[in-house]
Amino acid sequence: MHKDKNKTLDIKEYLLESSSEVEKTVREISELDCKHMLIHVYSIIHNTVLVQNLKQELSKRVENAEVVLLKHNDRTKTRVVVYGYYMDSTENDLQSNILNTLNDNNYKLAEELKQCKTEFLSRYFTDNLTHLPNLYKLRKDLGDSEESTLINIIVDDFSTINNFYGFIVGDYVLEQIGKFLEENIKDQVYRISGTEFAVLIEKNLTFYDLKQYLEELYKKINFIQVDYQGSQIAMSLTLSSSASSTNENMFAKVSMALKYARDNQLPFWIYEDSMRLENQYEQNLDVSAKVRHAVENSKIIPYFQPIVDNKTGKIVKYECLARLLDESDNVVSPALFIPLSKRIKVYNLITKIIIDKSFEVFKDNNYDFSINLSIDDVMNTEIFKFIIDKLEASDASDRVTFEIVESEAIVDFTKVSKFINQVKRHGAKIAIDDFGDGYSNFSYLIKMDVDFIKIDGSLISNIDVDVNSRLVVETIVDFAKKLNIKTIAEYVHSSTVSDKVKELGIDYSQGYYIDKPSLNIQS
């Protein structure tokens, strides 16, 4: 123990497990440079050889030391605590002085601990980047507040900034956005996630008061420009809030309103109980569970809808349509489960299952068959390899047609053309589905070597009564014939529509007038 002029007390501790350690411990204690010592010996039993030897040797060899035996519950170790006291002290008041010093030290430590706790809580409740209160502070403030209104603010399309400028610039921009919001909003601003901020108003606003507040706030903050090394980085914001009758599940309601606003490209949206958005979320969770169950238990199955030759009236092909069976074997609409399967990242598995099962069904008959592929499927390397392997292994490869849906989403025509060329090398054919819908245009047909065009049902379904639809279909058919591409009419739902389709020279028909999709094909 070496004297520190700033210290009045120093403490050393030793642990002993056997009598053989007594000599070494006593020697070390005797070599401590200290004027007064108080030595506490802790043991479960005091009449052991170890304790008695220790007490005897300490009393004999350590001057100015007071040895006190105390009890503890450790059955294996004896603990020795040496309090070295540097101030002048008599033997009578040594313990009192040491206790007073320990008390002073403990008070200082308690104050330091209190300060550390305050600093820790401050950091815990503060966002490191913007130094705004964070999500934990918002949750605490909401819990402490009897009346409050929550507003969420999110930066639109921030990934573009990160991708173009990098994350360092992105963080700088977020920091500046935080400052801008803090300076322009009178109520407390929080940063609650990467690009999401919040405002807490300490009173419940009615729907119309909240609408007025959001309109004024949006005018003030809807357009932000951040200057970075001479470049002006512009951003827009989307806002949301809740005017629910209760603050229960407030975060969820405001988040649902924010999603609704972004999905519909609105400046802001306010959740109301009458919207029942949570019903849609609950339904999505239910369908998501059904999708996972179906994928894991082979309950994704193909239904088959016939396609007839308009000249002969005979079925020449079947389209294989994905269906899902729930736990009770009820059929779930693809309009429900296909979008969700993409969201929960099992869509590729569904594609593989439908391809596998469709090839299995058609291997033992002579019908042609078609399978839908999204642009995601076409661009996916894993799916591409799966299809090529299937074509190489199957005798039905020259009877399959892959229908490319969502063709308006094609960006990389080079990759799509590579896919088309590879599958056609194995005898497969290509169709463009829903042609004439949305942004589908004739340039696709020139860029891609396709065999069929499936004319969208929105044009076919009322072709017998809508002159404009008929004109568009006539143009498509004429253009396809010049390119030697066969045409298929979808949504043929009546005899009059069927007659008009044949009159226009469309090669094939498909729809409820011919037959609905079913589990079996014609024997």
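This is a predicted model: local features need pLDDT of at least 70, side-chain atom pairs count only at pLDDT 80 or more; totals for chains, interfaces and linings use all residues.

Trainee: Okay, how many salt bridges does the count come to?

Mentor: The count by this rule is 24 salt bridges. One of them pairs Glu 17 with Lys 77, whose closest N and O atoms are 3.5 Å apart.

Trainee: Where do Glu 17 and Lys 77 lie?

Mentor: Glu 17 is in the loop between strand S1 (9-16) and helix H1 (22-30), while Lys 77 is in the loop between strand S3 (65-71) and strand S4 (78-85), so the pair ties together parts that are 60 residues apart in sequence.

Trainee: And is Glu 17 buried or exposed?

Mentor: Glu 17 is exposed, with a relative accessible area of 55%, whereas Lys 77, at 27%, counts as partly exposed.

Trainee: What about pairs inside a helix?

Mentor: Lys 24 and Glu 28 make a salt bridge with their closest N and O atoms 2.8 Å apart, and both residues sit in helix H1, 4 residues apart, which is about one turn of the helix. Lys 24 has a relative accessibility of 47% and counts as partly exposed, as does Glu 28 at 30%.

Trainee: Switching to backbone: which residue has a phi near 55°?

Mentor: Gln 265 does, a positive value in a residue other than glycine. Most residues other than glycine have a negative phi. Gln 265 is placed in the loop between helix H8 (250-263) and strand S10 (268-271), and with a relative accessible area of 75% this residue is exposed. Ser 298 also has a positive phi near 55°; that residue lies in the loop between helix H9 (277-296) and strand S11 (300-309) and is partly exposed at 45%.

Trainee: Which residues form the nonpolar patch on the surface?

Mentor: Phe 120, Leu 121, Tyr 124 and Tyr 136 form that patch, with about 410 Å² of accessible area together, and its largest share, 3 residues, comes from H3. Phe 120, which is found in helix H3, counts as exposed at 53% relative accessibility.

Trainee: What does pLDDT average over the protein?

Mentor: The average is 87, and 91% of the residues score at least 70.

Trainee: Last topic, the overall shape. How many helices and strands are there?

Mentor: The protein has 18 helices and 19 strands. Its radius of gyration is 39 Å, well over the 24 Å that the globule rule gives for 523 residues, so the protein is more spread out than a compact globule. The C-alpha trace spans about 120 × 60 × 50 Å along its principal axes, and buried residues make up 45% of the 523 residues.

Definitions and conventions: Residues are numbered from 1 along each chain as its sequence is written. Side-chain values use heavy atoms; hydrogens and water are left out. pLDDT is the predictor's confidence in each residue, from 0 to 100. Patches are made of residues with over 30% relative accessible area and no salt bridge: like charges are joined within 9 Å, nonpolar side chains (Val, Leu, Ile, Met, Phe, Trp, Tyr) within 5 Å. Accessible areas come from the Shrake-Rupley method with a 1.4 Å probe; for residues, only the protein chains shown count as cover. A salt bridge is a side-chain nitrogen of Lys or Arg within 4 Å of a carboxyl oxygen of Asp or Glu. Helices (H or I, at least four residues) and strands (E, at least two) are DSSP runs, numbered from the N terminus. Buried means under 20% relative accessible area, exposed over 50%, partly exposed in between (1.4 Å probe, protein chains only). The radius of gyration is taken over C-alpha atoms; the globule rule is 2.2 Å times the number of residues to the power 0.38.
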